[in-house]
Amino acid sequence: MIIRLVTLWIIFNCALFLFGCSEDESSEMTLVSEKGDDIFTAREWNVIQRLSPLPEAPPPNPTNRVADNPEAAHLGQMLFFDTRFSRDGTVACATCHSPFHGFADVEGTSLGAGRGTRNAPTLLNAAYNKWQFWDGRADTLWSQALRALEGEVEQAGTRLQYAHLIHQYYATDYESVFGALPKLEDTTRFPSDGKPGDSAFDSMSEVDQHAVNTVFANIGKAIEAYERLLISRDAPFDRYVAGDTDAISVEAKRGLKTFIGKGVCILCHDTPTFTDNEFHNLGIPQGTLLEDPGRYAGIPLLLADPFNGGGIYSDDTAVAARILNFLEPIQQHQGEFKTPTLRNIALTAPYFHTGDFPTLESVIEFNNVGGIGGNFAGQREGTLEPLGLSEAEKADLVKFLETLTGESPPAHLLTKPNLP
Ligand code: HEC
Ligand code: HEC
């Protein structure tokens, strides 16, 4: 990672040097916009065009054969809002990923069946993510959902419980998408509750365990089909890049200039989703939370997950397995967290994986001073120097980030459908 960053840094600085973005105001005279928007050089405009538009559809996910099936998405939407899918019947995905808070959590760390240790990210455009979770311990949206469904601090139920709920309430919807359910009415073969590690599950035959795992995986695949519809595009920033010079304010344009220049935000937030899909250690202090190894612990969890993209519940293992083969936890990964998207960032306070930063101003100030010490795992990335931004530059940067709020997905996707 550091090597890659150093390379990027060198390339970036060479670019600044060659094209004179920072030092010499007089060399900024090569201006592009047809409408005479005279704030960016041609070179800067090229960089900006790497950030927009958001590709028309999220990348296909061959590990989930129903990823783009509308019936599966409808089932997934019901499951997303159905609190029966939790140990005590009170928590659903929507509890922490509120459609009215950018599908993120208002709280710093989320309260489900227990209190977690990380902030809930937005689900808007999550289908574009290469990795899921701050530590990348899921490589698909469907396997991510399974971890939430059984996670002790999330929904904390069990796959046997969920298979029975599907059988009881969703059999028709399920079977029309995935085919026949196993004979779940036979409760000697299929006890009402249990997951691996519980004697009820472990004493089942392997064939029946596999049948339950398949239903469980399909629950995740239906939820993914729904999440793939949670797309938010056409932010003012996108309209600006598409040629509407008035779509964002002068302050926001200056903020954009800082974003790709002096602020070096573009080093990591460098694609139309504003993430390099990589992991970095910014040295975010854990505060009262324990030190968090981030990616270092995420990789072994991903490799050991029977529901990863290379596993037997995946509908196409070819690409996923090849990627997984390259993963190995090394010390460098200590304290690294995923670069999150910045689209809709104004909607999803508080910030960073700890949820300890209440405002965009506080995030920018953290970057500006070059870290604030405190307790965190591993080493803060060496290339991250203090930025020396003025008050005006910081304020403009916030104005720019506010232009990344896109259009909401269609209204019918934002509310709880009638549940069977
Ligand atoms: C108790 C609160 C809670 C519940 C319930 C919950 N989540 Fe989350 N979700 C979180 C938190 C916190 C994270 C970040 C955890 C981490 O990275 O370790 C997260 C991460 C995610 C991510 C990864 C996003 C990213 O950019 O990395 C997705 C996708 C997601 N949740 C979807 C779901 C779905 C689908 C459900 C229901 C099956 C669900 N969540 C239930 C709190 C919750
Ligand atoms: C070295 C890569 C890197 C650079 C440079 C960088 N970021 Fe980030 N950014 C990240 C990572 C990684 C995180 C998540 C860190 C964590 O929570 O541990 C993050 C988090 C954020 C968040 C919080 C997102 C959320 O959902 O909680 C914002 C806002 C943000 N960055 C904006 C910026 C801005 C503005 C700049 C430039 C001043 C910048 N970043 C520079 C990698 C980077």
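**Exercise 1. What covers the buried residues of α5?**

Before we start, a word on the model. It is predicted, so local features need pLDDT of at least 70 and side-chain atom pairs count only at pLDDT 80 or more, while totals for chains, interfaces and linings use all residues. Residues are numbered from 1 along each chain as its sequence is written, and chains are lettered from A and ligands numbered from 1 in the order in which they are written.

*Step 1.* Helices (H or I, at least four residues) and strands (E, at least two) are DSSP runs, numbered from the N terminus. A residue is buried if 20 or more other C-beta atoms lie within 10 Å of its own, exposed if 12 or fewer, and partly exposed in between, with C-beta atoms placed from the backbone.

*Step 2.* List the buried residues of α5: L141, W142, S143, Q144, A145, L146, A148 and L149. Eight of the ten residues of α5 are buried, so this helix is largely enclosed by the rest of the structure.

*Step 3.* Find the cover, where contact means that the C-beta atoms of two residues, placed from the backbone, lie within 7 Å. The cover of these buried residues includes α4, α6 and α9.

**Exercise 2. Describe how α9 packs against α3 and α6.**

*Step 1.* Two packed helices are described by the angle between their axes and the distance between the axes. Axes are lines fitted to C-alpha atoms, for helices over the stretch in contact, and angles run from 0 to 180 degrees between N-to-C directions.

*Step 2.* Take helix α3 (residues 70-81) and helix α9 (residues 206-227): the angle is about 100°, and the axes are 7 Å apart. These two helices are therefore roughly perpendicular, given that angles under 35 degrees count as roughly parallel, over 145 as roughly antiparallel, 65 to 115 as roughly perpendicular and the rest as oblique. On the α3 side, the contact includes L75 and L79; on the α9 side, it includes I219, A222 and I223. By class, this contact has ten nonpolar, two polar and two charged residues; Ala, Val, Leu, Ile, Met, Phe, Trp, Tyr, Cys and Pro count as nonpolar, Asp, Glu, Lys and Arg as charged, and the others, Gly among them, as polar.

*Step 3.* Now α6 and α9: their axes are 9 Å apart, at an angle of about 75°. That makes α6 roughly perpendicular to α9. R159, L160, Y162, A163 and I166 of α6 meet V212, N213, V215, F216 and I219 of α9. Here the division is eight nonpolar, one polar and one charged.

**Exercise 3. Which residues have the most contacts inside the largest nonpolar core?**

*Step 1.* A nonpolar core is a set of buried Ala, Val, Leu, Ile, Met, Phe, Trp, Tyr and Cys residues joined through C-beta atoms within 7 Å.

*Step 2.* The largest such core has 51 residues, and the ones with the most contacts inside it are L75, L79, A163, F216, I219, A222 and I223. Its largest share, nine residues, comes from α9.

*Step 3.* Look closely at A163. Leaving aside neighbours within four places in sequence, A163 contacts L184, F190, V212, V215 and F216. A second, separate core of 28 residues includes F237, Y240, L397 and L401.

**Exercise 4. Which elements give the most to the shells around ligand 1 and ligand 2?**

*Step 1.* A residue counts as near a molecule if its C-beta atom, placed from the backbone, lies within 6 Å of it.

*Step 2.* Around ligand 1 there are 26 residues, the closest being C93, C96, S110, G112 and A148. The largest share of this shell, five residues, comes from α5. By class it has 14 nonpolar, nine polar and three charged residues.

*Step 3.* Ligand 2 is surrounded by 26 residues, and C265, C268, F337, Y351 and H353 are the closest. Helix α14 (residues 360-369) gives the most to this shell, with four residues. Its classes are 18 nonpolar, seven polar and one charged.

**Exercise 5. Where is N344, and is N344 buried or exposed?**

*Step 1.* N344 sits in the loop between β2 and α14.

*Step 2.* With 21 C-beta neighbours inside 10 Å, N344 counts as buried. Its phi is near 65°, a positive value in a residue other than glycine.
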